[in-house]
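Colleague: I am new to this one. Could you take me through the terms and show how each is applied?

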Amino acid sequence: MPPIVRLLLSFAVIVIIIVAGFQIHWLLGVGVIAAILIYSVWSNRAIIYAQRGNIAYMKGDEEKALEHLEQAYRTKRGNPQHMVGYAYLLIKKGRLEEAEKLLNEILSQGSLPDQIRMQAHVNLATVYWLRGEREQCIKLLEEEQAKLKHTKLYGNLGYYKILLGTDYEAALEYNKEAYEYNDNDITIIDNLAQNYYFLGRYEEAAEVYEKLMEKSPKSADSYYFYARTL
């Protein structure tokens, strides 16, 4: 049954129950409405907690955001998108084992939208990298990119290939491919410029950094390596 049809049928049933309640007694009708509202809040409490968490995060209160997202997780009804965000905060706090467990739970759900699956893999790769499992991190992102080409994947994988530091030439080929895919993304531009820097190709690095500076990047590394290039 299509979701819209299911929604309309549910709405129709609710209206019938409310009308029937009022026909018996107005207090019963009010009681039915109150019960429906209470059930609605209870069944959607994970979304409510997650929204509170997002608001707290936007205000810069990561501890409060973690608290609310933990509440959403404990309901066992958390939206995968919200739970991926929760995992990201766990990573920022250094709680890597918890983040890995959560991300594997999300990925085990099977059919996920591409964007959510991709972000979950990016976060999981970060866990691997921070634990020193660098080859596994890169392998995971390469496998994900085989399924989906995306700016975020190009940016993250390109940066990790530079940080790995084992083959700057191979990393450059990848970052040039990323640049061809999206030459307007700050992370991709930064990766290409930094890659040229580590190869000692300073004129090319400076040229790319000039384009990057026009976008006012927020990363201190961008300015540091541009200064080193100059």
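Colleague: What makes the meeting of the Arg131 and Glu133 side chains a salt bridge?

Modeller: A salt bridge needs a side-chain nitrogen of Lys or Arg within 4 Å of a carboxyl oxygen of Asp or Glu. Arg131 and Glu133 meet at 3.1 Å, N to O. That is within 4 Å, so the pair counts as a salt bridge. A word on the basis: this is a predicted model, where local features need pLDDT of at least 70, side-chain atom pairs count only at pLDDT 80 or more, and totals for chains, interfaces and linings use all residues. Residues are numbered from 1 along each chain as its sequence is written, and side-chain values use heavy atoms, with hydrogens and water left out.

Colleague: Why is Arg131 called partly exposed?

Modeller: Buried means under 20% relative accessible area, exposed over 50%, and partly exposed in between, with a 1.4 Å probe and protein chains only. Arg131 has 27%, so it is partly exposed. Glu133, with 28%, is partly exposed too.

Colleague: How many salt bridges are there by this rule?

Modeller: The count comes to 15. One of them joins Lys93 and Glu62, with the closest N and O atoms 3.6 Å apart.

Colleague: Why does the pair of Lys93 and Glu62 tie together parts that are apart in sequence?

Modeller: Lys93 lies in the loop between α5 and α6, and Glu62 lies in helix α4, so the pair ties together parts that are 31 residues apart in sequence. Helices here are DSSP runs (H or I, at least four residues), numbered from the N terminus. Lys93 has 35% relative accessibility and counts as partly exposed. Salt bridges also link Glu62, Glu63, Lys92 and Lys93 in a network.

Colleague: Where do Glu67 and Lys64 lie?

Modeller: Both are in helix α4, three residues apart, about one turn of the helix. Glu67 is partly exposed at 40%. Lys64 is partly exposed at 34%.

Colleague: What makes a set of residues a nonpolar core?

Modeller: Its members are buried Ala, Val, Leu, Ile, Met, Phe, Trp, Tyr and Cys residues, joined through side-chain atoms within 4.5 Å. The largest such core has 41 residues. Met83, Tyr86, Leu102, Leu103, Ile106 and Leu141 touch the most other members. Helix α7 gives the largest share of this core, nine residues. A second, separate core has twelve residues, including Leu172, Leu192, Tyr196 and Tyr197.

Colleague: Which residues is Leu102 in contact with, beyond its neighbours within four places in sequence?

Modeller: Contact means heavy atoms within 4.5 Å. Leu102 contacts Tyr73, Met83, Tyr86, Ala87 and Leu90, leaving aside those neighbours.

Colleague: What makes a space a pocket?

Modeller: The grid is 1 Å, over the protein atoms alone, and the probe is 1.4 Å. A pocket is an open set of points with protein on both sides within 12 Å along at least five of seven lines. The largest pocket holds about 980 Å³ of space; a volume is the space filled by probe spheres set on the points.

Colleague: Which residues lie nearest the centre of the largest pocket?

Modeller: Tyr88, Gln119, Val122, Lys152 and Asn156, out of 37 lining residues. Lining residues have an atom within 4 Å of a point. Helix α5 supplies the largest share of the lining, eight residues.

Note on methods
Helices (H or I, at least four residues) and strands (E, at least two) are DSSP runs, numbered from the N terminus.
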